[in-house]
Amino acid sequence: MSNASQTISRRAVLAGLAGLGAAPSFAKAPFAPAQAPSVHRYRVGDIEVTAIGDGYFELDTALIPRATPEEVAAIQRREFLPEGQTIRGAVNAYLVNTGDSLTLVDAGARDYFGPTVGKLLPTLAAAGVTPDMVDRIVLTHMHPDHIGGVMDTGGNAVFANATLHAHSADHAFWLDDAIRAQAPEGGTMFWDVAMASAKPYDDRTELFDFGADLGGGISTFDMAGHTPGHTGIRISSGNDQMLILGDIVHAAPLQLAHPDWSIAFDVDQEAAAAARMRALDMVAADRLLIAGMHIPFPGVGHIERAGEGFGFVPAPWRYSLE
């Protein structure tokens, strides 16, 4: 068969079957020790976007105050998910290659949420990228599962040549000792990780506001609520675009069906719900390609209207980058 695509016809199938002899014997093979690396590439005009899987965590559905156990179980059954009080959320990052520069949108969780996350660096390596090749890190916000991977366990910058880009409101909020002092018991970890992770980049941090053009086809838009500076990232090239929606959802099957269901991690739950509704309504109406940090890997696809809520339609596997 040639390299060109070929239509499979009934005649070709019957001719092939007619040539079969005795059934072949198969050698035993060992089971694979691990899943293939979580890497998948997309083209947005002339820009290459690579989904990078950092792993996953299990979310306690009690973190979503409006969700009842009965409603959660009904959605889990409908979506063919394991029933119970937890639901799995991916941790994704996205590498944007313009041909002239490499931008990493978010950097994963390192080891802050256990052994099922922190796969960023080996996954980047599987994609052919070393940390020193990254020119900048653009953060959707400064929670541990988005900024954690920029610093190693020794307190050093992982990305030696990269500038760190964060929203000015998020940077001010998560690096403020006075606000940290008001955090509930156990909640100071979010400030501690942000402060420690940002420190190695003090002399190469650039702050932006909503609506900023960061260059290279990357711009920002307002999704505040989850955090004060929660930022959507727009990747544009020619007539094509992808919108990276950050933490617009954490438990996608639940929060897409019920966009008013906010999560305990939201700094302002009402504002987060309003931002979620605006963003989902826009991308569904305009049929825009989206990516989400906690949508099952690779987290890229489209949002559709589904009753009073929404559904996610994964983008097809890209067989080529043409």
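**Ground rules.** The model is predicted, so I took local features only at pLDDT of at least 70 and side-chain atom pairs only at pLDDT 80 or more, while totals for chains, interfaces and linings use all residues. Residues are numbered from 1 along each chain as its sequence is written, and side-chain values use heavy atoms, with hydrogens and water left out.

**Largest pocket.** I looked up the open spaces on a 1 Å grid over the protein atoms alone, where a pocket is an open set of points with protein on both sides within 12 Å along at least five of seven lines, a cavity is a set where a 1.4 Å probe fits but cannot get out, and lining residues have an atom within 4 Å of a point. Points are joined across faces, edges and corners, and a volume is the space filled by probe spheres set on them. The largest pocket comes to about 750 Å³. Of its 39 lining residues, Arg-88, Gly-89, Ala-90, Pro-296 and Phe-297 are the closest to the centre. Which element gives the most to this lining? I noted strand E3, with seven residues; helices (H or I, at least four residues) and strands (E, at least two) are DSSP runs numbered from the N terminus. Among the elements that each supply at least two residues are strand E2 (47-60), helix H2 (69-78) and helix H8 (252-257). By class I recorded 18 nonpolar, 14 polar and seven charged residues in the lining, with Ala, Val, Leu, Ile, Met, Phe, Trp, Tyr, Cys and Pro counted as nonpolar, Asp, Glu, Lys and Arg as charged, and the others, Gly among them, as polar.

Helix H5 (168-174) and helix H7 (189-198) each supply at least two of its lining residues. Searching the whole structure, I found one cavity of 30 Å³ or more; the largest cavity has a volume of about 40 Å³.

**Helix H2.** Which residues of H2 are buried? I listed Val-72, Ala-73, Ile-75 and Gln-76, where buried means under 20% relative accessible area, exposed over 50% and partly exposed in between (1.4 Å probe, protein chains only). These residues lie on the same side of H2, because they cover an arc of only 165° around the axis, taken from the directions from the helix axis to the C-beta atoms. E3 and H8 are among what covers them.

Most residues other than glycine have a negative phi, and most peptide bonds are trans. Phe-80, in the loop between H2 and E3, has a positive phi near 60° and counts as exposed at 77% relative accessibility. Asp-106 has a positive phi near 70°, but is buried, with a relative accessible area of 0%. A cis peptide bond, with omega about 5°, joins Phe-297 and Pro-298.

**Lys-119.** I placed Lys-119 in the loop between strand E4 (102-105) and helix H3 (120-126), where it counts as partly exposed at 35% relative accessibility. Its side chain reaches the backbone oxygen of Pro-115 at 2.9 Å. Lys-119 touches Gly-53, Asp-54 and Gly-55, not counting residues up to four places away in sequence, with contact meaning heavy atoms within 4.5 Å.

Note on methods:
A polar contact is a pair of N or O atoms within 3.5 Å; within protein, one must be able to donate a hydrogen and the other to accept it, and residues adjacent in sequence count only if both atoms are side-chain atoms.
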